[in-house]
Structures are given as C-alpha cells and as structure tokens.
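Please open the structure in a viewer and keep the selection tool at hand.

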Amino acid sequence: MTTDRLMALDLLVSVLAAAAWAGAGAAAAARRPRTAAALMAGAMVASLARAGSVLALAGAGWWFVQEKVTVALPLLLTASVVAAVTAGPRLLAASHAASAAGRDAVGSPAVVVPLLGAGYAAAAGPVQTFLLGYPAEPGSALILLAVVAGAVLVTWRAMAPRVPLLRAATAATVAAALAGGVLTFLPATTAGATTPGAALGATTSEAATAEAASPGGGVLGDGAPAAAAPAADAPAEGGHDMRGHAASAQMSAQTSTQMSAPGRPVTDFRGPAEPAPGGTVRRFTLTARTATVTLSSGRKVAAWTFDGQVPGPPITATQGDLVEVRLRNADITEGVTLHWHGYDVPSGEDGVPGLTQEAVPPGGEFVYRFLAAQTGTYWYHTHEVSDIGVRMGLYGMFVVAPKGSATTGVDLTLPVHTFAGTTVAGDHDQPILQGVAPGTPVRLRLVNTDNTPHRFTLAGTVYRLVAVDGADLSGPGPLSRAGLRLPAGGRYDLAFTMPSGPVVLRADDRTEVVRLTATANGTGHASETDAPGTQHTSDNATDAGDAAAAAGWPELDLTRYGTPAPTPYTSRSRFDRRFTLVLDRGLALGDGLPIYAHTINGRAYPHVPTQVVREGDLVRLTVVNRGRDTHPWHLHGHRVLVLARDGRAPTGSPLWLDTFDVRPGEVWEVAFRAGNPGLWMNHCHNLSHADLGMMLHLAYEGVTTPFHGGHGG
Ligand code: C2O
Ligand code: CU
C-alpha cells in the first residue's frame, strides 16, 4: 500500500475508534448494555487496528508517525485499557443481568466516564494530526492532554455529585495546560519578535527550536527504503564540523554564525555588462498593466498583463547572448517583479521582492540583465503577490536556443493556464489549429503556469519527451499512449516528425490544446509512428479523435524514462549539508497571526528557519509530504538532481529539475551544488500554498539583503 493510502487508512481507523468509544459511552448512559458492549468490542478492534496502521506507516518513515507514536497512540492505548478494565466487566455483567436494577448499573459514572474518556483520547489523535501535525512538540502535547483530562473531569462532574480528588485533578490539568501554553507560545513570541529583515541571519533561536524538534532519524522507519537514508543521515550531520560549525542535526546549518562574516549585499550579485564572445545583447521592455484581453474565441477577460497581452511577450535568446529586460509598472498597485523561473540568474536579478529588490511600484522600473547560459524552455512571472499576480496573467515564456542551432520545422510554446475557469494555451481558449507538412520536425513546449498539475496526452503520433524543465533528457525513447503529468511551474518539450494524419494535444483529458493537420506538400520523410521499440504504455489504439481512449492512458513515470548518464554527483557522494523539509498542514504563526498554514517542519513563513549554505557545498535536500495536498517544490537559482523518490533512484535519464511534484506520502531526495551565491526562495509552487506559509529562504553565508527581508509571495 502507498504511504498516501496508509495515511488515509490510519485516519479512518482513528475516527472509527473515537466514534465507537464515544458511542459505547453514550449507549451505556442510555442504559443499553448490549449496544454498549458491542460498540466497546468494535472500539477495541479499531484501537488495535490504529496501532497496526501506525506501525505500517512507521515503515514509510519517522516523519509519518512521529506525533502518533509519541502522543496519540500511547494516549489511545492507555485510555482503551483503562476503559476495558473498569467498564468492561460491569458492562458484561449488565448485559446478562435479568433485573432492571442490574441493567441500570450500566449507566453509572464508573462505566460511562471511562468509555467516553477513551472516546476523547481517541479523538485527540486526528485533532493532533490536523491541527498540529509535524513535528510533535511537548507544549502542544501537554495542551492536548489537558484538554482530554479536562473533558473527562467535566463529564465525570456532570454525572456524579462527588468526584474523588476533583480539586487536585483540576489543578493538575490547569497546570499542564499552562505549561503547554508557555512551551508553545514562548518560542513563537520570540520568533515573532524577530523582524523579517533579521530573519535571514538572526533566526538562531528559532533554528535551535527547530533543531531540537527536527527528525532524529529513522527511529521506527529502518524497514523502508525511504526511511533508511534519513536513519543513516542523522549521525553524519557533523560532517562539516571541520569548518568550525556547531553541527549536530539536520537544521544545524541555521545555527551557524553566518552573519559574523562581513556581509556582501545580494544587490552585488548582478549580471554582466557584455554578452559572451559571439553573443549579442537582446533588449526588451515589458510594461506591467491591467488590461482587458481578448481570447481567441472573442471572450474578454480582465487581466494583469505585460504589454497588454497574456501571456506577456515571449523573451527569446541564443546561448551566449546578454538578456536585458527593462520592467516598467504602469498601474499594478500591488507592485511587480520579474522572476526567471528555472533560470539560474545571479541572485540580484532573481526578482524576489523584499529579498533581492523592492517590488516595482506604479511608475517605477527595474532593469534585469543576465547571460543566457542555459538553453531550453523557461518562463518568467511576477513574484510580488504572485498567487494573484500570476493567476491574473503576469507571466510569459522565456526560451533560449542552443548556439548555432538553425530553426527548422514547427516550434510551438504552449503556456497552459486557467483563466476565469477556462484552460487556455497562450491566449487560445479554443484549440490551436495548424497545418503542418508531413515530415516536418515539430517541437511542443508545454509550460504549466497554474498552481496544480496538468495531465497532457499527445495522440496521433509517436513522440519523444526530449527535455524537462529546460534540461535535455538522456536517451528519451519513443512514446505513445502515455499520460504526461506536468507539475505546476514545470516544462516538458515534446518532439516528433509530423505524420500523415492529425496530431492532437489534450490537457486533462478534455481540453483540446493543439490540433495539427497534415497539409498536402509533404516532404515524404518517414514518420516515427511505426518505429520499432516504441514505449507503448497501454494497448489502446492511437487515435487522434478519441479523447476517451486517451483518458485511460497510463501516466509516464519520469524516473524510468530514458537512459542513464553520468552525473557530477550521486546519492553516494559526500554531502556538506543535508536539509529535511517535512510538508504538512497545521496551526502555525504566519506573518503576525496564527493561521491554518501549509507548514514546513511545523512552521510557516516567515518563521521557517533559513537554510544556510557555503559556496561550493554539495547539498542534499529531502522533501517529505505528510499532508493531503500535492506540493510542487521549487528552489530558485539552482537546478536539482533527483537522487530518489520513495527510496528508489531513477533508472532512466538523470533528472535535473527546478520543480518537482511531491505528492501525498512521497519522499524526494534531491541534490544540488551551491554554486550560485546569493539569497534564494525555496518554496511550494502552488502559489496559494506559498502564500499560506510554505516557503523559506536558502542563504549563502555572508550574503545580506538591504531590503526588509520579508517576502509577500
Ligand atoms: Cu516560479 Cu518562486 O517561482
Ligand atoms: Cu504546496
């Protein structure tokens, strides 16, 4: 069973256990001994099942069971045993009692209170999972215990005029709640007092807290591949001690004294003034402004645009060129920036408001300048109020051609976006129709500019997925009848030779994005449609007209596609830093107030400790999703190499990604070389999640920001 399913099962049995215990208590109170006994038997089974599901989850890693093992399960099992021992015999006697008096005994506090108490204790499990999540901290555990104890006392007092030791028990409960409150809110207040500007350097107290609560390694998770690595990781954390760090655990890097060195402002890290030899300067001006745009159907939508169009004007260059983009803001009152998604520009050109620049206000401007070093498909978007800004249209394509390449054939860039409920590609809310001569090379560049993944199918031809996130794959084999799931922010380049029949690209099995029809003047090249060795992922007929068949095509597993190739580092390399990000939901302090956040290690931005690296470090990043949402993880300024997903290394092409979908229950291990000094965002590219706390900074030691340091998403 997948971890995701196990998490759902665990939730189901915990709710069942709580309902059955509480139901048994209610039935006893209603003097129905048989019903109560039956429910109690069910409750005991559900409680045992919960223990089983927790053990099974432990196999997937400590992150997935931590709060269950330390708090929820002990509480549930203790309360279950107490209820079984105290209420059980009385309940059984009453079920067999002939007299009414015997049956009445079942409604006594001695039976009802332990049963209801077990119900409260069982309910504490899901409450903790939903509200508090990872990591389990002593403060919140104490509060939870106090709430359960308080509920038991109130129930008891309501049923009986005299409760033994009521005063002492009440005092102990209140004391536990107060202690829990102090433990929980004191660190939070200290963190809150940290100004955002200082958050980059002065988060030592927060970091220390997080360190204490950070995963200690695979305490219970040694059995599973996913957990094996972290179990081995923890002791190795002292690895960079030779550099004088007080390193002891995964978060240790935050406690380093990165601000003791004289700082170099992030604004020093700018692009060059000249292109590479042989390159030219490509100048663009983009003006951000509100506009009503007309989609291909004639439908008009209110949008935030670059130059009045959505998507914004395409920015193109050839490798070695100098790209210079002047951003102006006409009337976007929230402010605007340009972020080069997936493009490893110098930090000062990265377009993160409050971190690498101030957002450009109406009337203002900012000039970005960087060398077009990487080739491939990228996109740009605003990073100020980016959830709304990108949704409203502040994005465009950025494509860099390899040096010396001549454009041949058909090359379509297809940013897929949801506009007021409709899926559009570029500004088309209807299929893009194009005639192509058979034999023509075709390249489709798919970009997902939405917050959630899109599933694409290409029907009518055999094709290859030649590049992901701008990086060429090694040995991409022929594909047909495959579903391609593109994460939010990600890009896929598909290539094929136009066959003699129509070719149809669909999104999400319903929207026809592109329909290419063969024109008469074919060149007579053989198409790949019947190429031997085609990777058919199902047996359905390839039929461009059949959307229903395409809906059934299985999803391509990228980690098994293409052929292996050497990489500069592997999972066996010696890493200078290791970071673990456990993604979840829970109550956390946001920008001032507690929110129901999308959390990282139990924290929400700006209270997630900054990851600190040194230039040249080899960094290993583990991203764990213990929640119920998909999180497209995106690190600025660096492309990461996938080492493993759920403990399994890719068997196909190496995967160099800038955005990877961490689905519920998944554990991704990725690595990157810290070779682009500066201050960087590291966040979920579901921008509404980022807005609700799911982001943090990656900072190179000694780099400072003259801006406020907080970033509004
Ligand atoms: Cu495409 Cu920080 O974003
Ligand atoms: Cu997310």
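**Aromatic rings and the strands around them**

Begin by displaying the aromatic side chains: the structure holds 15 aromatic pairs. Please bear in mind throughout that this is a predicted model.

Next, select Phe 306, Trp 340, Tyr 343, Phe 366, Tyr 368, Phe 370, Tyr 378, Tyr 380 and Phe 398, which ring pairs link into a cluster. A pair of aromatic rings is described by the distance of the centres and the angle of the planes.

Now select strand β7, residues 365–371. Which residues form its covered face, and which its uncovered one? Phe 366, Tyr 368 and Phe 370 make up the covered face of β7, and these three residues also belong to the aromatic cluster. On the uncovered face are Glu 365, Val 367, Arg 369 and Leu 371.

**An open sheet**

Select β25, β33, β32, β27 and β30. In that order, they form an open sheet of 5 strands with mixed pairing. Which strands are at the edges? They are β25 (611–613) and β30 (659–662), each of which pairs on one side only. From one strand to the next, the twist averages 20°.

Within this sheet, focus on β32 (residues 679–684) and β33 (residues 695–700), which pair in the antiparallel sense over 5 bridges. Here His 683 stands opposite Met 695 in β33.

**The copper site**

Finally, select the copper ion (ligand 2). Which atoms coordinate the copper ion? They are ND1 of His 631, SG of Cys 684 and ND1 of His 689, at 2.0 to 2.1 Å. Along the chain, these donors follow the spacing H-x52-C-x4-H. His 631 lies in strand β27 (residues 631–635) and His 689 in helix α12 (residues 687–691), so this pair ties together parts that are 58 residues apart in sequence.

Are the two histidines buried or exposed? His 631 counts as buried because its relative accessibility is 1%, under the cut-off of 20%. His 689 likewise counts as buried, at 7% relative accessibility.

How values were computed. Residues numbered from 1 in each chain as written. Chains lettered and ligands numbered in written order. Predicted model: local features only at pLDDT ≥ 70, side-chain atom pairs only at ≥ 80, totals over all residues. Heavy atoms only, no water. Buried < 20%, exposed > 50% of the residue type's maximum accessible area, 1.4 Å probe, protein only. Helix = DSSP H or I, 4+ residues; strand = E, 2+ residues; numbered from the N terminus. Phe/Tyr/Trp six-rings, centres within 6.5 Å; stacked < 30°, edge-to-face > 60°. Pairing = 2+ DSSP bridges. Axes fitted to C-alpha atoms, helices over the stretch in contact; angles between N-to-C directions. Donors = N, O, S within 2.8 Å, 3.2 Å for Na, K, Ca; no water.
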